[in-house]
Amino acid sequence: MYKDLSKLIVFTILPLLATQAGYALTMTAAFNPNKTLRAINNQMSGPQANCQTGGITSTSLLNHFDAIRKIVRASTSRGRCQRAVTNYYRQKSMWKDFSKTQRIQFIAQSAMELEKKLRNEGIIKNCQQSIRDIEQIRAKKLIDKMVKKIFSAAYKADKKYDYKSGQRLPSKHFLKYYDDLREIFNRFMRDQFFEAYAPNVPKTFTPLPSGKKVRSRIYQEFWSYTSFHRKTVESKIKEEIYKYFEPFIELNIKRATQKVEPGVALISDKQRKIVGPQMMNGACYEIVKKLHDNRSNKIKFSANTLKMLKKKSSKSLGRYSSFKNKRNPYLFHHKVTKEAVLCIIKQETQSTDFDPHTLNYTFCQTAIGRRGSPKSLAHGMAQMTRDSFVGGRKMGILPLTSIDESKFDHGSQSDNFKLFKMMASSSDMQLEVLFRFLNNRVKAFGKLMKGVISYDQDRKSKYTRNFKRCMACFKKNKSSYFEDSAIKCMGGTPIVRTRPTPRPKRKHPPPTPRPRKRK
Amino acid sequence: MNWLDKIFLIVLLMSSFSIGAKGPKGSFGLKQVKVNSYITPKKFWAKVVEQANYAKSLHVFVEGKSTPILTHQTDFPEDNFKEAFVLKFVTSPRYYLYTTWNKGAHSERVIIFELMGAVKKIVFEHVSSWPVSFKVTDKFITINATSEMNLLTGTPKKVDLIWKPKTTSGSGP
């Protein structure tokens with residue numbers, strides 16, 4: 001049994017691997033899939049976005065954070081420390097020149113934009129994921145089919161030659177037919193795969209001539225083994241082939257997923273808000289179909305993907321609180337709105353007049369003596385501590401779009417610490433973190449109030465009452481300008497908007513007197 | 001008995017003794033909060049295991065035993081384990097475990113366990129809206145917690161909680 005296995009590994013799988021190495025060498029001259037993928041990746045990522053708030057770049061933010069830490073460590077008492085920190089902020093806060101109302105206005109605007117952006121992003125990402133799944137299934141099915149074809153052909157060839165004579169070749173002969181095997185894979189796999197799966201992929205390499213049936217004695221060896229061994233070999237071959245074609249499959253998927261992005265504008269704002277797990281697949285199909293049917297657009301999807309998406313469209317993703325959906329940061333709960341986020345910000349940063357660049361009082365409370373490290377580093381609008389930030393990042397519930405994330409690792413601790421430092425002075429990042437963390441909580445509980453309570457507070461506190469009042473205020477004072485209602489509910493001085501002057505009433509010309517009849 | 005077998009047996013025996021000297025793999029020693037010098041501390045080891053759904057579970061071992069005497073899992077996988085100390089008071093013969101867990105954005109949950117063999121018993125639990133500190137005396141522990149933020153001053157209200165162990169007879173683990 002073991003001898004047979006070792007034979008199999010030496011004489012069937014190793015040469016197969018070798019063939020692929022051979023391919024790699026032959027293909028590099030004409031077509032390098034990795035290079036093209038990299039180029040596409042670079043194109044997709046676009047220009048690198050800097051983390052900018054108030055005209056100060058991210059590098060200076062780190063110094064800002066460290067400078068305060070130095071003050072904390074140098075000060076001799078807690079009271080002095082707090083005074084020193086507040087003085088520092090009075091002098092150097094990036095928002096020091098803004099008034100309270102201006103701050104509220106800015107926060108409200110950015111929250112409004114961010115909500116729209118995150119909901120759009122959610123629809124796009126989920127749609128892209130479903131397309132990715134479909135394409136991968138398709139590719140796997142195709143490979144299975146082709147591998148079956150090859151073996152059935154080989155089996156037929158084998159029957160004619162081997163079984164009639166009843167001879168078995170010694171295993172040493174296998175290596176002689178190495179070239180034959182390579183040829184078969186060239187003909188059967190590469191050409192058929194591209195024709196069936198990815199007809200639009202540019203073929204810069206020269207295809208090999210195809211046609212004649214290749215019959216070799218390798219298969220006599222292969223089929224002489226028991227069916228159990230054959231299956232293991234078959235599955236391994238399938239895996240190897242999938243690995244070989246992976247860059248091409250990825251390329252095709254990227255081309256398909258890229259097309260979805262412009263389609264989000266086709267859905268109305270109202271519809272976008274409602275999209276939950278039940279509607280997600282349906283919305284995706286709607287976008288794809290609208291893009292496909294529009295004649296002015298050149299965006300076309302393959303018929304198979306459309307068919308699969310239609311099948312999928314009626315299926316829901318399940319409950320919000322399911323394990324998969326709760327971890328999915330791109331699926332947004334419809335109750336997590338800008339109003340809810342602003343009400344939390346009101347609770348957290350009202351005492352500092354909504355300055356997102358302040359650290360909280362705990363920064364001056366050190367753990368061991370005065371020279372020890374601060375007790376908690378919670379800061380900004382989200383008031384999130386470093387531990388919970390890093391925990392969220394490691395689980396993948398806090399992806400960040402307001403900065404270029406490609407440089408940072410989800411898992412590495414040092415990178416997450418850096419991001420946390422950067423968050424100290426970027427209001428966009430703080431807002432995004434608040435949105436995503438609250439979303440995770442609300443999804444877990446299914447209710448907004450419970451999610452808010454678990455965000456940071458005790459049940460007994462006044463937090464809930466204040467939050468409810470704030471939400472009611474937003475409901476009451478709805479206006480076409482969101483900033484106005486935010487200023488009203490968060491306690492700023494209302495903006496006096498100059499109303500457009502009413503149009504003067506058209507004065508009808510006085511009726512012309514009728515000419516008198518002459519007597 | 002072959003001489004090779006004898007050596008093998010000796011090595012086995014040696015290794016079996018050495019197993020008890022330290023905690024299991026990946027564990028860390030738990031510090032005891034020393035109040036008086038006469039308390040003879042037992043050595044405890046703890047281990048934090050991250051499960052497939054990211055939920056953290058804390059396992060506590062006594063020196064010389066491989067099975068945990070206490071296991072505790074968080075309700076939410078987002079909540080991380082922060083720190084743990086072993087407490088020993090003059091008034092009771094039992095050992096207690098003081099643990100803190102992150103909760104939400106900046107809250108902290110304090111749980112005190114009684115370290116009895118194989119039965120989890122939560123003696124004290126409190127959620128503070130900001131990080132917590134504590135002080136231990138011979139007979140009780142004071143936990144400096146906070147409630148909601150005072151919106152005018154920008155500082156939260158302080159809440160000092162005192163917990164005493166019940167004076168009961170019985171041996172520890």
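Modeller: Two residues are in contact if their C-beta atoms, placed from the backbone, lie within 7 Å. Among contacts in chain B between residues at least 6 apart in sequence, 36% join residues at least 24 apart. The model is predicted: local features need pLDDT of at least 70 and side-chain atom pairs pLDDT 80 or more, while totals for chains, interfaces and linings use all residues. Residues are numbered from 1 along each chain as its sequence is written, and chains are lettered from A and ligands numbered from 1 in the order in which they are written.

Colleague: What makes up the secondary structure of chain B?

Modeller: Helices (H or I, at least four residues) and strands (E, at least two) are DSSP runs, numbered from the N terminus. By that rule chain B has one helix and 12 strands.

Colleague: Why is B:Thr167 called exposed?

Modeller: A residue is buried with 20 or more other C-beta atoms within 10 Å of its own, exposed with 12 or fewer, and partly exposed in between. B:Thr167 counts as exposed because it has 11 C-beta neighbours inside 10 Å. B:Thr167 lies in the segment after strand E12 (156-163) of chain B. Leaving out residues up to four places away in sequence, B:Thr167 touches B:Thr91 and B:Ser92.

Colleague: Why is strand E4 (residues 56-62) of chain B described as largely enclosed by the rest of the structure?

Modeller: Five of the seven residues of that strand are buried, so E4(B) is largely enclosed by the rest of the structure. For chain B, with 173 residues, the buried share is 30%.

Colleague: How do you know that E4(B) pairs with strand E3 (residues 44-50) of chain B?

Modeller: Two strands pair if DSSP finds at least two bridges between them. E3(B) and E4(B) have seven, in the antiparallel sense, so the pairing meets the definition. Within this pair, B:Phe44 stands opposite B:Val62. The hairpin has five residues between the strands, and B:Tyr54 takes a positive phi near 65° there.

Colleague: How many bridges join E4(B) to strand E5 (residues 70-73) of chain B?

Modeller: Four bridges join them, again in the antiparallel sense. B:Ser57 has B:Gln73 in E5(B) as its bridge partner.

Colleague: Which residues make the contact of helix H18 (residues 463-476) of chain A with helix H19 (residues 482-490) of chain A?

Modeller: The axes of H18(A) and H19(A), lines fitted to C-alpha atoms over the stretch in contact, come within 9 Å and cross at roughly 145° (angles run from 0 to 180 degrees between N-to-C directions). A:Cys470, A:Cys473 and A:Phe474 of H18(A) meet A:Ser485, A:Lys488 and A:Cys489 of H19(A).
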